[in-house]
Amino acid sequence: MFDRLTIRIFTIFFLTIAFFLMLVMLLPNFDSRNLTYLANKEKDSGNLLAKQIEKELVNVPKNSFRWWMRFIVVMDNYQKPGQFLFIVTPNEQIITADSNHIDLVKNFNEKSHNVNDPAKKIYDSQEIIGPFLIHYTDQDYQLYILQSASDIQSQFANLVFDHPFLLLSLTMLASSPFLLWLSWSIAKPARRLKKAADRVAKGNLQEWPELEQIGSSEYKATGSSFNHMLRELKRMQELQQQLLSDISHELRTPLTRLQLATSLLRRKQGESKEVVRINSEALKLDSMIGDLLSLARQQYDNNEVRELKQIDVLFKSVLDNAVFEAEQIGKKFTIEHIPTNITILCYPDALCSALENVIRNAFRYSRSEIEVNFAVNQHSLTITIDDDGLGVQHDELEQIFRPFYRTSEARDRESGGTGLGLAIVSNSVTRDNGTVKAEKSHLGGLRIVIVLPIYKY
């Protein structure tokens with residue numbers, strides 16, 4: 001039953017409350033200033049002193065002139081250094097040579113007045129013991145002894161015992177590490193589950209057997225369900241990959257026949273608008289199938305390895321090829337502020353392909369100018385690719401990263417695209433924990449903004 005999380009939390013809460021209550025109730029009993037009853041040795045010593053004084057008082061006539069002065073003389077003879085003796089008469093009068101502590105004796109007399117059970121109480125650095133019976137002229141008198149305390153607790157302890165809220169606060173403070181440890185141990189399976197969920201969010205569908213073995217029964221059941229979900233996701237992923245592979249094969253077989261038939265038709269009848277259109281659409285369909293499979297492989301292939309790469313080294317070949325291509329087609333291509341000592345953790349081939357895809361789109365849709373800019377801040381690298389083409393309508397900027405999305409302007413299928421290029425770019429950047437968005441460019445066309453986290457050693 002204790003394996004259930006509800007029972008664990010309730011038990012810990014109940015025991016904690018019980019511990020605090022018991023501590024608050026019992027701890028004041030350890031205050032050495034409390035009234036305590038005498039041990040036999042102290043009681044015998046006090047009674048012996050009372051008997052000795054009693055023998056001397058027999059010689060003091062009752063109601064003689066200043067008879068109480070004789071009491072003081074007798075007490076002075078028997079009190080030890082550092083001691084003060086007090087005798088309380090039947091009518092509550094106190095006879096003593098030390099009038100400075102009469103109030104203490106009165107206070108103690110109210111708490112301890114049973115001669116059969118004498119007690120002791122500490123007042124600051126002194127203690128009062130008594131009462132002890134003295135029989136004089138057929139009446140009972142009480143003897144109290146004031147002396148230096150043998151067991152004085154610290155001022156801090158006095159402060160704690162005198163202020164219950166301070167005592168409670170110190171108790172809570174002392175128990176905080178234990179309670180924090182309990183909270184940490186209860187939440188430990190939840191942290192493991194979150195860690196596993198974060199891995200899944202990044203595309204890692206590896207099972208976590210320890211989730212079914214650690215924690216309460218609720219956490220174990222959740223871990224079992226979580227692993228079952230991962231197995232189903234992995235199975236569905238494999239089925240989807242297999243389906244895409246089968247579709248690719250089944251589509252490309254008749255597509256190859258169509259291209260072959262088109263070539264034979266061209267050879268027999270020569271060129272015609274219809275043959276050119278059939279061949280063009282067949283090539284677009286083949287390109288679309290290739291892009292679709294590339295997107296699927298990026299989304300579901302977890303066998304790639306992420307690597308640490310310097311930006312200038314990673315994108316060197318992509319940018320060099322872009323410079324060469326711009327020269328061939330007569331367009332202005334500018335690269336600004338490429339960093340030389342910035343490192344990122346990425347899938348190198350996919351990220352290079354994404355940047356190349358964006359630059360080629362800029363070449364395709366620009367009129368005469370393309371600009372690539374790199375900006376670095378404390379935590380991230382921002383890459384912007386601008387062109388001076390027709391651009392995209394503002395309400396379509398967020399939609400162009402969806403697969404097969406077509407804009408209402410010139411960036412459509414008629415210009416040669418398959419509608420999957422920016423979807424592949426978005427997926428590649430997201431896999432590296434980055435973001436990508438589209439904006440209106442200062443050159444008049446479209447701006448693609450890629451933000452990637454910088455790796456901190």
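Predicted model: local features only at pLDDT ≥ 70, side-chain atom pairs only at ≥ 80, totals over all residues.

Tutor: Let us begin with a definition: a disulfide is counted where two cysteine sulfur atoms lie within 2.5 Å.

Student: How many disulfides does a search of the whole structure find?

Tutor: The search finds zero disulfides. Cys346, for example, takes part in none, and the nearest cysteine sulfur to its own, that of Cys352, is 7.2 Å away. Seen from the other residue, the closest cysteine sulfur to that of Cys352 belongs to Cys346, and 7.2 Å is too far for a bond.

Student: Are Cys346 and Cys352 buried or exposed?

Tutor: The cut-off needed here is that buried means under 20% relative accessible area. Cys346 has 0% relative accessibility and therefore counts as buried, and Cys352, at 13%, counts as buried too. For the chain as a whole, 37% of its 457 residues count as buried.

Student: How should I read the sheet, and what is the order of its strands?

Tutor: The general idea is that strands of a sheet pair through backbone hydrogen bonds, either parallel or antiparallel. The chain has 12 helices and 13 strands, and five of the strands form an open sheet with the order 8-10-11-13-12 and mixed pairing. Strand 8 (332–336) and strand 12 (435–440) stand at the edges with a single partner strand each, so one side of each has no neighbour in the sheet. Direction ignored, neighbouring strands of this sheet are turned by 15° against each other on average.

Student: Which strands pair in the parallel sense, and which in the antiparallel sense?

Tutor: Strand 8 and strand 10 pair in the parallel sense over five bridges, with Lys332 standing opposite Glu369 in strand 10. Strand 10 (residues 369–376) pairs with strand 11 in the antiparallel sense over seven bridges, and a hairpin of three residues joins the two. Within that pairing, Ile370 stands opposite Asp387, while the bridge partner of Phe374 is Ile383. Strand 11 also runs antiparallel to strand 13 (residues 446–453), to which seven bridges join it; there Leu381 stands opposite Leu452, and Asp386 has Arg447 as its bridge partner.

Student: How many residues of strand 11 are buried, and how many of strand 10?

Tutor: In strand 11 (residues 380–387), eight of the eight residues are buried, so the strand is largely enclosed by the rest of the structure. Both of its faces are covered, with Ser380, Thr382, Thr384 and Asp386 buried on one side and Leu381, Ile383, Ile385 and Asp387 buried on the other. Strand 10 has six of its eight residues buried, so it too is largely enclosed.

Student: Which helices pack on the sheet, and which strands do they touch?

Tutor: Helix 10 (residues 316–329) packs on the sheet and touches strand 8 and strand 10, its direction making about 155° with that of strand 8. Helix 11 (residues 348–365) also packs on the sheet, touching strand 8, strand 10, strand 11 and strand 13, and its direction makes about 25° with that of strand 11.

Student: What span should helix 10 have, and which residue follows it?

Tutor: At 1.5 Å a residue, the 14 residues of helix 10 should span 20 Å, and the end C-alpha atoms are 20 Å apart, which agrees. Helix 10 is followed by Gly330, whose phi is positive, near 70°.

Methods
Residues numbered from 1 in each chain as written. Heavy atoms only, no water. Buried < 20%, exposed > 50% of the residue type's maximum accessible area, 1.4 Å probe, protein only. Helix = DSSP H or I, 4+ residues; strand = E, 2+ residues; numbered from the N terminus. Pairing = 2+ DSSP bridges. Axes fitted to C-alpha atoms, helices over the stretch in contact; angles between N-to-C directions. Contact = heavy atoms within 4.5 Å. Expected span 1.5 Å × (residues − 1).
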